[in-house]
Amino acid sequence: MDQPLRTRRGLLIVLSSPSGAGKSTISRLLLQADPEVTMSISATTRPKRPGEVDDVDYHFVSEAKFDAMIDDGDFVEWAPVFDHRYGTPKAPVKAALKSGRDILFDIDWQGTQQLHAAMGEDLVRIFILPPSMDELERRLRARATDSEEVVAYRMARAANEISHWAEYDYVLINRDMDACLVQVRAIVAAERMKRQRQIGLVPFVRDLVTGR
Ligand SMILES: Nc1nc2c(ncn2[C@@H]2O[C@H](COP(=O)(O)OP(=O)(O)O)[C@@H](O)[C@H]2O)c(=O)[nH]1
Ligand SMILES: Nc1ncnc2c1ncn2[C@@H]1O[C@H](COP(=O)(O)OP(=O)(O)O)[C@@H](O)[C@H]1O
């Protein structure tokens, strides 16, 4: 009898934020905590940072390969960000949704708008704000993966990314990482229940009232 309760459509969960606000960290913690969530691994033309692993953090590809992926219709969305291009491969998204699993996207506001246009119904958009611009800069430096120049460029672009905050369904302030993760998990839990009500509960309620 509990089988229908688990039947639900997969969610498309988007996390966006200015660079350094904490979305990669929150994504990693959510994936560790919740086996029903898979990560969408983007393709990018940006160089690999120290510690990043190809096909785990990103699919690091050449400009020519990225062009070919566009031409082949491999992306559900793609956009230029910080002088590089980033795109979401279509096939893993389809596979996750078909199997009823949720898929998590760490993408910017441009990609979020495109996903919304393509598959808005099951999209859950979460925007992460830093507690202050000073703290954002401190986190970018503390991460110690980017040069001074790259940090300055990302700070200069932060206000533009933040200007899209109101296009999101939920807006969180990442002061404390644990508290922020609790909030993200609460959102995911509530959004799942919404879909269960729409799909999984229909046969359950039918059997309930007919006494089967
Ligand atoms: N539209 C789009 N944006 C992406 C994609 N992958 C990553 N991004 C965004 O590109 C921006 C830069 O990402 P990254 O170079 O990893 O820097 P970080 O945000 O500082 O970790 C971030 O805002 C990401 O959310 C993608 O597939 N599509
Ligand atoms: N709530 C927080 N408090 C303190 N440091 C944080 C917090 N959230 C993230 N960080 C740190 O800030 C840096 C940037 O976080 P990251 O997840 O890489 O950001 P993004 O993916 O948004 O660019 C990392 O060193 C991370 O450990």
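An oxygen atom of ligand 2 is placed 2.5 Å from an N or O atom in the side chain of Thr25. This distance, like every value in this report, belongs to a predicted model.

**Ligand 2**

Ligand 2 is surrounded by 15 residues, and the closest are Gly20, Ser24, Thr25, Arg143 and Met177. Beside the pair formed with Thr25, a polar side-chain atom of Ser24 lies 2.4 Å from an oxygen atom of this ligand. A nitrogen atom of ligand 2 is also found 3.3 Å from an N or O atom in the side chain of Arg139. When ligand 2 is taken alone, it exposes 570 Å², and the protein buries 79% of that area.

**Ligand 1**

There are 19 residues around ligand 1, of which Ser19, Arg46, Tyr58, Tyr86 and Arg154 come nearest. The side chain of Glu77 has an N or O atom 2.7 Å from a nitrogen atom of ligand 1. Taken alone, ligand 1 exposes 570 Å², of which the protein buries 98%.

| Ligand | Ligand atom | Side chain | Distance |
|---|---|---|---|
| ligand 1 | nitrogen | Glu77 | 2.7 Å |
| ligand 2 | oxygen | Ser24 | 2.4 Å |
| ligand 2 | oxygen | Thr25 | 2.5 Å |
| ligand 2 | nitrogen | Arg139 | 3.3 Å |

Strands of a sheet pair through backbone hydrogen bonds, in either a parallel or an antiparallel manner. One open sheet has four strands in the order β4-β3-β6-β5, with mixed pairing. Strands β4 (59-60) and β5 (75-81) stand at its edges; each has a single partner strand, so one side of each is left without a neighbour in the sheet. Strand β3 (residues 43-44) and strand β6 (residues 84-89) run antiparallel and are joined by two bridges. In this pairing, Ala43 stands opposite Gly87 of β6. Helix α3 (residues 63-71) packs on the sheet and touches β3, β5 and β6, with its direction at about 40° to that of β6.

**The sheet of five strands**

A further open sheet comprises five strands in the order β2-β7-β1-β8-β9, with parallel pairing. Its edges are β2 (37-39) and β9 (170-173); because each has a single partner strand, one side of each is left without a neighbour in the sheet. On average, neighbouring strands of this sheet are turned by 25° against each other, direction ignored. Strand β8 (residues 123-129) runs parallel to β9 and is joined to it by four bridges, and Ile128 stands opposite Leu172 in β9.

Two helices accompany these strands. Helix α4 (residues 90-98) lies across β1 (12-16), β2 and β7 (102-106), and runs at about 150° to β7. Helix α5 (residues 109-119) packs on the sheet, where it touches β1, β7 and β8; its direction makes about 165° with that of β8.

**The annotated span**

In an unreviewed entry, UniProt lists residues 10-189 as "domain: Guanylate kinase-like". This span is 44% helix and 23% strand, and its end C-alpha atoms lie 12 Å apart.

Methods
Residues numbered from 1 in each chain as written. Chains lettered and ligands numbered in written order. Predicted model: local features only at pLDDT ≥ 70, side-chain atom pairs only at ≥ 80, totals over all residues. Heavy atoms only, no water. UniProt positions renumbered as here; feature names shortened; annotations may be inferred. Pairing = 2+ DSSP bridges. Contact = heavy atoms within 4.5 Å. Axes fitted to C-alpha atoms, helices over the stretch in contact; angles between N-to-C directions. Near = heavy atom within 4 Å. Polar contact = N/O pair within 3.5 Å; in protein donor to acceptor, adjacent residues only side chain to side chain. Areas by Shrake-Rupley, 256 points an atom, 1.4 Å probe, with all protein chains shown as cover.
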